[in-house]
Amino acid sequence: MTIICIILYSRMHLIRVDSVHRWMEDLRYMTEVECMCILQSKPISVDEDAQSELIINPEHTVRDNLQTLLKRAFIISTELTKMFQKLEKNRWQRVHSTAVRANCHVRSLVNEYNSFTRNSPAEIQKYEKALLEKCMELTIITERCIHTEDEYFLMSMKDSIHEILTSVGESFSHMIDMALANEIQVLVRQIELSDNMYTIGTAISSLLSLTQEGARLCTIIAKEGAVVALFKICRQDCFSCLCAHALRTLASICCVEEGISQLEKVDGILCLADILTDETNPEEMRAEAAAVVAQITSPHYTFTQHLGSFLENMEDIVTALIKLCQHASSGEVFLLASAALANITFFDTMACEILLQLSAVRILFEACRDRKRVDTPYSKDQVVTVFANMSVLDHCASEVIQESGIECLLEMLFEKPSTSNPAEVAACERVQQKAAVTLARLSRDPVVAHTATKLNCIPRLIELCRSPAERSNSDSVLVACLAALRRLAAGCPESIDDSDFQQLIKPRLVDSFLLCSNMEESFV
């Protein structure tokens with residue numbers, strides 16, 4: 001999941017907005033709504049002739065409606081949270097003022113939603129009515145609390161207010177979910193029914209933007225049929241120019257269980273396999289398909305382990321992905337393809353056997369020496385993940401020796417962040433850790449152990465153990481390096497100094513770990 005977030009973030013365009021303009025945008029939602037809600041409740045009458053002259057772009061309207069709902073919902077959620085906090089502290093004046101603001105914001109939300117949805121579903125209207133009644137009840141009861149100092153009365157009211165607040169939160173949550181679903185349905189229908197490229201493309205862009213609002217919205221999007229609609233686009237040659245865009249949106253939606261479930265139901269994996277294996281497809285399209293594969297095979301998700309159709313197509317997908325890595329024209333394409341491969345090696349061990357047969361060791365080590373393809377620690381993280389998982393195979397060691405892979409793994413032990421960016425620091429830690437794990441596993445083979453010793457891997461491993469700064473104070477790197485040292489020492493004991501042996505090899509692993517994790521400076 002981390003790598004997909006990085007990929008999506010790197011694609012986002014930074015929009016420079018004048019600060020005054022941004023302030024004016026925010027001001028619309030942060031005004032004194034006690035004054036505004038009465039005005040908003042009174043529509044300005046427009047005769048039918050004037051209404052017919054108003055031309056609105058439907059795609060922008062839906063997108064704007066959704067953004068309005070999300071912004072207002074965020075403000076109301078914030079106010080409800082504040083009210084719970086003030087209630088716990090018995091700050092009755094603040095509880096009441098917050099209740100008034102929340103009541104007005106809810107009325108504004110309902111009025112705004114009804115203004116752009118002429119005929120809202122009956123179920124939404126039911127929740128709107130219940131929500132407005134509860135908010136008014138909350139305002140009245142909190143007002144009573146500020147006009148008394150009777151502690152017994154206030155404590156009895158506290159339970160009632162807490163109950164009403166909980167009810168308001170639940171009603172509000174249901175209403176917002178249904179309102180968002182109603183608007184998302186409009187976008188999905190545009191994708192399904194329109195034959196206009198611009199209309200479909202704009203609807204897909206709107207869905208992609210909404211996926212960035214979090215998992216809850218992704219679940220709603222998936223439930224409303226977006227996955228089905230987007231795969232229909234991918235399967236039609238006439239919309240091939242929109243396929244990459246649709247796949248990018250699918251990768252975002254499939255961060256939730258509902259998205260992956262819908263993908264499975266529409267044979268989405270078979271569609272992804274077809275896109276990846278067809279080398280006449282543009283590289284961008286195949287890279288976006290790789291991003292979807294990386295998402296649905298993420299080891300961080302427990303619900304991805306039931307993708308039965310993936311195993312049926314795994315060999316074709318793995319073959320296509322290693323080819324994409326081999327011929328990638330940019331670092332981003334390589335990152336997407338290698339991330340998918342790395343996740344698949346966690347998903348099923350048979351993938352490692354397939355990769356070994358496809359000369360993946362040679363292809364990936366060659367890529368590591370090509371700065372055009374492997375240009376960031378994020379890419380190295382994916383490559384070394386593949387190596388770490390493949391290194392459990394007996395035949396992998398000879399492949400690594402043949403491709404001078406120990407030198408590459410040693411270089412990875414020296415991986416350091418170029419900035420203080422936490423994501424980059426974490427990626428470098430993972431590269432160091434997995435390089436050490438790979439060395440430890442491969443060193444079962446005496447030839448590998450001898451080669452690693454000859455190339456001075458041991459001094460670097462000792463440095464990583466003894467110097468917290470070299471490993472960015474990472475405990476996981478420390479454990480991996482201690483394990484690798486012990487494996488190398490077993491095969492080449494003469495290569496370890498006595499002091500290092502006494503402190504890093506001879507004690508129990510936990511004792512060596514505690515010794516090294518408490519060091520602030522290297523005393524070598």
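A residue counts as buried when its relative accessible area is under 20%, as exposed when that area is over 50%, and as partly exposed in between, with a 1.4 Å probe and protein chains only. Lys-223 is exposed because its relative accessibility is 57%. The structure is a predicted model, in which local features need pLDDT of at least 70 and side-chain atom pairs count only at pLDDT 80 or more, while totals for chains, interfaces and linings use all residues. Residues are numbered from 1 along each chain as its sequence is written, and side-chain values use heavy atoms, with hydrogens and water left out.

The overall architecture comes first. The protein has 28 helices and 0 strands; helices (H or I, at least four residues) and strands (E, at least two) are DSSP runs, numbered from the N terminus. Of the 524 residues in the protein, 50% are buried. The protein exposes about 25500 Å², and carbon and sulfur atoms supply 53% of this area; accessible areas come from the Shrake-Rupley method with a 1.4 Å probe, and for residues only the protein chains shown count as cover. A contact means heavy atoms within 4.5 Å. Among contacts between residues at least 6 apart in sequence, 76% join residues at least 24 apart.

Lys-223 belongs to helix α10, residues 215-223. The buried residues of α10 are Leu-217, Cys-218, Ile-220, Ile-221 and Ala-222. An α-helix has 3.6 residues a turn, so residues three or four places apart point the same way. After α10 comes Gly-225, whose phi is positive, near 90°. Although Lys-223 and Ser-261 are 38 residues apart along the chain, their C-alpha atoms are separated by 9.8 Å.

Helix α19, residues 360-368, is mostly covered, with 7 of its 9 residues buried. These are Ala-360, Val-361, Ile-363, Leu-364, Phe-365, Ala-367 and Cys-368. The elements that cover them include α16 (308-327), α17 (331-347), α18 (350-357), α20, α21 (396-402) and α22 (405-413). Helix α20 spans residues 377-390 and contains Lys-380. Lys-380 counts as buried because its relative accessible area is 14%. Leaving aside residues up to four places away in sequence, Lys-380 touches Arg-371, Val-374, Met-412, Glu-415 and Val-431.

Charged side chains may also pair with one another. A salt bridge is a side-chain nitrogen of Lys or Arg within 4 Å of a carboxyl oxygen of Asp or Glu. The whole structure holds 18 salt bridges. In one of them, Arg-101 meets Glu-79 at 3.2 Å, N to O. This pair links distant parts of the chain, since Arg-101 lies in helix α6 (residues 92-116) and Glu-79 in helix α5 (residues 58-88), 22 residues apart. Arg-101 is partly exposed, at 26% relative accessibility, whereas Glu-79 is buried, at 6%.

Another salt bridge joins Glu-284 to Arg-248, with the closest N and O atoms 3.7 Å apart. Here the link runs between helix α15, which holds Glu-284, and helix α12 (residues 240-253), which holds Arg-248, the two being 36 residues apart. Asp-394 and Arg-444 also form a salt bridge, at 3.8 Å, N to O. Both lie in loops: Asp-394 between α20 and α21, and Arg-444 between α23 (422-442) and α24 (446-454), 50 residues apart. Asp-394 is exposed, at 66% relative accessibility, and Arg-444 is partly exposed, at 41%. Elsewhere, Lys-416, Arg-460, Glu-463 and Glu-470 are linked in a network of salt bridges.

Asp-274, Asp-278, Glu-315 and Asp-316 form a patch of negative charge on the surface. Patches are made of residues with over 30% relative accessible area and no salt bridge, with like charges joined within 9 Å and nonpolar side chains (Val, Leu, Ile, Met, Phe, Trp, Tyr) within 5 Å. Lys and Arg count as positive and Asp and Glu as negative, while His and the chain ends are not counted. The place of a charge is taken as NZ of Lys, CZ of Arg, CG of Asp or CD of Glu. Asp-278 lies in the loop between α14 (268-277) and α15 (283-296), and is partly exposed at 31% relative accessibility.

Asn-90, in the loop between α5 and α6, has a positive phi near 60°. Asn-456, in the loop between α24 and α25 (457-466), has a positive phi near 65°.
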